[in-house]
Amino acid sequence: MSATFFILAAVTLIGACAAMMLRGLVHCALALAVAFAGLGTLYLNLGAQFLGLAQLLVYVGAIAVLIVFVILLTRGGDSDSPALSPTALPIAGVLVATAIFAILAWAIFHTVAIHSPGLPAPQATIRQLGTSLMEGYVLPLEVIGLMLTAALIGAVIVAMKEKQDPR
Amino acid sequence: MTALAGCLLVSSMLFAVGLAGALTRRNTILVLVGIELMLNAANLNFVAFWRFGPHAGAATGMIFVLFSIGVAAAEAAVGLALILAVYRHTKTTDLSQLTGRPQ
Amino acid sequence: MPDQMFVLLKHWILGYSPAVIQPAVSILLTIIPILLVFPVLFALTTVLERKGLGRIQNRYGPNRVGFYGILQPMADALKSLTKEDIVPASADHTVHFLAPLVLLAVAFLPYAVLPIGRNMIAANLDAGVLFFFAIGAISELSVFMAGWSSRNKYSLLGAMRAVAQMISYEVPLLLSSIAVIMAAGSLSTVEIVEKQAGFSGIFPHWYVLTPWGFAGFVLFMIAATAETNRSPFDLPEGESEIIAGYYIEYSGFKFALFFLGEYLGMFAISGLGITLFLGGWSAPLPFLTWIPSWIWFFAKLVGLIIGFIWVRGTLPRLRMDQLMNFAWKFMLPMALVVVVSAGAWRFLPQGLTRWLVSTAFIAVAYTLLARGVETRNKIAKRTYRFAE
């Protein structure tokens, strides 16, 4: 548990909290990008170089930008959406989340296996990662490729402006 | 506290924050953001177990996260496209207003 | 040993520093040259660009400050430093302040993985190319921050244009680099350059000298022009349409920071193009290897910069729909074909066959796609209509 880990974890969690609590939607999206970037550097800190960089590329570079785009396209950039509506539902939501966190934390602190001394860091070069992707996991890889293509086409069709008069 | 427990604690906090946001925020986009945060919390768990777990030789944890990132990208794209389509019909992204409408 | 003189100099200084601070000194000695050299190159480029554009447009360009206007950047720097820093009253102050800082930080980071000479790299990462693109992805967000926080419709339009353009052109940029990564079998920039450092006969093993490499290099440079928002892809800051795009509301030093960030981005992406396709620091001919490796890198960099300036002075700006059509209907399929062609090159035996097969892939795809773009989207020679 190094100081770097604590700082990165704090950045990630503060970013996540800000993304869920700020009033301006664009501010939320920017805070989300901070949280994603913090998580990416956390992966780097844990020795997963490829994953950390992929996280930055996909989440900060694509998903955060996509969210920002949709916020602007739905004209949410200026309007403030209230953080918590005055009904009883939000309190229930926070309570549920707290309860789940409490259960998870209890489980973490009461599991013996987790608290065994740390092992040396595993060596996983990018070459190994690529080889196992191309050999053992080639079918899931193909399925992911197919799914991404389907999602690409589906997203375009769903978001396409419907024509007023069909030809 | 070991490093693995620290990672798991951070990840469960991230999950709780995402869950709280997804349950309380009224904007559809922010609900999606909450779901993304929960997915990321799960990814952090995978990385932590890959790093500190007993079978570290295999890169399985990394590959699982890689696939998960791919799925999350597809999910975000389709989800946001749906939000756009709904917005075009109802002119709002507010969940509490969306439920009240007949369409 | 002029080739390794900077490396030796660093080790010599390190030898005289106490052991406790040696890591810190080593880091400083790596970072400070990068922080010095590239801004100086930026200053020289601004003069070169203004002089070059002037020549292309049949005028002189700056020629008042210093010898032949060579001190013009000093005057520009003084001017931007002494100007008033105006922040719009309705602007989002925090984001408005953070945007140029994020852009500049992100502009400097990619230099960490660029090998500017033999053994001259700040961080030899296993996934260097991926690092470059991951950092580049953050710059989109900083552009958006600048445009949105200004609360100006032109800056918002510029930011939206910039982000859409950068996302679209990142795809062919990445795909054309993937061809090189496939051929080299590594994501590390150092290894990619070392793979290209040999010679067969008098020809170097640069990837640009293969059919797929040449097509990939052209695609890469087009996409790089779009990524750095340079003409003819400068819609995000088209002066005649949306004034200055996402940095309208920035003045004084912050404006200069944006300018610096943009040029640093251009140098970095040119450096990556050199690393991937033009053999990095390796010499173009076997009898020229006595010239230090870092000189070759900077010579190639200056060459590409001159190319950028030339293109800027020559081509008119695209329209938004032309830009998007070009990215998704021409660049993306071409980049995919380049990847396939590189794969064919990799697995066919050496000799004439693989040249023919690799060229055939690209030639057929280019002919079909170019014809399709020409007829269907009516991208053709401009027809002029005059009022009578």
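**Entry 1: around helix H3 of chain A**

I looked up what comes after helix H3 of chain A and found Arg75(A), whose phi is positive, near 55°. I note here that I am working with a predicted model.

I then went back along the helix itself, which covers residues 49–73 of chain A. At 1.5 Å a residue, its 25 residues should span 36 Å, and I found its end C-alpha atoms 35 Å apart, which agrees. I also looked for a bend: H3(A) has a kink of about 25°, and the kink is centred on Tyr59(A).

**Entry 2: which chains touch**

I checked the chains in pairs. Two pairs touch, and the most contacts are between chains A and B. Chain B and chain C are joined by no contact; I noted 14 Å between their closest C-alpha atoms.

**Entry 3: chain B against chain A**

For this contact I listed 61 residues from chain B and 67 residues from chain A. Which elements of chain B give two or more residues to the side that touches chain A? I found helix H1 (3–24), helix H2 (28–52) and helix H3 (60–90) of chain B. H3(B) provides the largest share of that side, 19 residues. I sorted the side of chain B that touches chain A by class and got 43 nonpolar, 13 polar and five charged residues.

**Entry 4: chain C against chain A**

Here the contact takes 18 residues from chain A and 19 residues from chain C. By class, I counted 17 nonpolar residues, no polar ones and two charged ones on the side of chain C that touches chain A.

**Entry 5: two helices within chain C**

I stayed with H6(C) and looked at how it lies against helix H12 (residues 320–347) of chain C. Their axes come within 8 Å and cross at roughly 10°. Angles under 35 degrees count as roughly parallel, and H6(C) and H12(C) are therefore roughly parallel to each other.

Technical notes:
Residues are numbered from 1 along each chain as its sequence is written. Chains are lettered from A and ligands numbered from 1 in the order in which they are written. This is a predicted model: local features need pLDDT of at least 70, side-chain atom pairs count only at pLDDT 80 or more; totals for chains, interfaces and linings use all residues. Two residues are in contact if their C-beta atoms, placed from the backbone, lie within 7 Å. Ala, Val, Leu, Ile, Met, Phe, Trp, Tyr, Cys and Pro count as nonpolar, Asp, Glu, Lys and Arg as charged, and the others, Gly among them, as polar. Helices (H or I, at least four residues) and strands (E, at least two) are DSSP runs, numbered from the N terminus. Axes are lines fitted to C-alpha atoms, for helices over the stretch in contact, and angles run from 0 to 180 degrees between N-to-C directions. Angles under 35 degrees count as roughly parallel, over 145 as roughly antiparallel, 65 to 115 as roughly perpendicular and the rest as oblique. The expected span of a helix is 1.5 Å times one less than its number of residues. The bend at a residue is the angle between axes fitted to the seven residues ending there and the seven starting there.
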